[in-house]
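Here's a quick briefing to read with the model open beside you.

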Amino acid sequence: MTGVMEKLTMSDGAAIGVYHVQPQGERRGGLILVQEIFGVTDHIRDLAEEYAADGYEVLAPALFDREHPGFEAEYGGEGLARSIELARQLHPFDLSLADVQTCVDALAANGPVFVVGYCYGGSIAWFAATRMNNVAAASGYYGSLIPGAAAEIPRVPVILHFGRHDTGIPMEGVEKVIAADHPNATIYVYEAGHGFNSDRRKDYHEPSADLAKARTLELFAANGG
């Protein structure tokens, strides 16, 4: 791996860890890669490296560093329980949005900045498109908060990826997002479950992961990346 964990000062003065990877070859833009509830795990770092290989300067903020510095968890058992506690009880979601905005702003002077997020981060990617400044486009994977915020209007192009067999995000919620029919939003449904992009999870579905990644890169390329 070529990335390094650095400290970046957020809007509230806290310095949190950010996994920073420089692009390989010609720089295509900046990318904020937003974690699952499990922290900046080896999977998230791997994804950051992959996007850097595609030409993006990547920042992956460790959003739970204030409450649990260096947090990384397994997908089940105590790790899952702690992840849920951090995401739903201990860490304010609005603070995650503010931290991602800080990361976006840190790269904005050097060209277009994109946001991609997974699970917890997938929801943040949606709000990056609807609320944040200096974002060129966003790609959100299986964000459970998106159906409840389907009425928000994206300011920039955004694509969303959902699994038809995701028990945590029922299809009626996805249909609500589709029905909102936002001109800037494209919703894709895959024959897969939750977390289909992670090869560490039982629901990993390689064809869906590959297709979603290709669509994400196409989106970025179409918007200056």
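What follows is a short tour, grouped by topic.

This is a predicted model, so local features need pLDDT of at least 70 and side-chain atom pairs count only at pLDDT 80 or more, while totals for chains, interfaces and linings use all residues. Numbering runs from 1 along each chain as its sequence is written, and side-chain values use heavy atoms, with hydrogens and water left out. Helices (H or I, at least four residues) and strands (E, at least two) are DSSP runs, numbered from the N terminus.

**Pockets**

- Rolling a probe the size of a water molecule over the atoms shows where empty space is left.
- A pocket here is an open set of points on a 1 Å grid over the protein atoms alone, where a 1.4 Å probe fits, with protein on both sides within 12 Å along at least five of seven lines; lining residues have an atom within 4 Å of a point.
- Grid points are joined across faces, edges and corners, and a volume is the space filled by probe spheres set on the points.
- The largest pocket holds about 630 Å³ of space, and its lining counts 23 residues, with Ile37, Arg88, Cys119, Ser144 and His194 nearest the centre.
- Helix 2 (77-90) and helix 4 (120-131) each give at least two residues to that lining, and helix 2 has the largest share, at four.
- Sorted by class, the lining of the largest pocket has twelve nonpolar, six polar and five charged residues (Ala, Val, Leu, Ile, Met, Phe, Trp, Tyr, Cys and Pro count as nonpolar, Asp, Glu, Lys and Arg as charged, and the others, Gly among them, as polar).
- The second largest pocket comes in at about 190 Å³; 14 residues line it, and Leu47, Glu50, Asn197, Tyr204 and Ala209 are the closest to its centre.
- Helix 1 (42-53) and helix 6 (206-222) each put at least two residues into the lining of the second largest pocket, with the largest share, five residues, coming from helix 1.

- Buried means under 20% relative accessible area, exposed over 50%, and partly exposed in between (1.4 Å probe, protein chains only).
- Five of the five residues of strand 6 (residues 137-141) are buried, so the strand is largely enclosed by the rest of the structure.
- Ala137, Ser139 and Tyr141 point one way from strand 6, while Ala138 and Gly140 point the other way.
- Two strands pair if DSSP finds at least two bridges between them.
- Strand 5 (residues 113-118) runs parallel to strand 6, joined by five bridges, and Val115 sits opposite Ala138.
- Strand 7 (residues 158-163) is also parallel to strand 6, with four bridges, and Ser139 faces Ile159 there.
- Strand 5, helix 4 and strand 6 form a right-handed β-α-β unit (with the strands pointing away from the viewer, the path from the first strand over the helix to the second runs clockwise).

**Loop residues worth a look**

- Most residues other than glycine have a negative phi.
- Tyr142, in the loop between strand 6 and strand 7, has a positive phi near 35 degrees and is buried at 0% relative accessible area.
- Asp181 also has a positive phi, about 55 degrees; it lies in the loop between helix 5 (171-180) and strand 8 (185-190) and counts as exposed at 61%.
- Thr41, in the loop between strand 3 (29-34) and helix 1, is buried at 5% relative accessibility.
- Leaving aside neighbours within four places in sequence, Thr41 is in contact with Glu72 and Ala73 (contact means heavy atoms within 4.5 Å).
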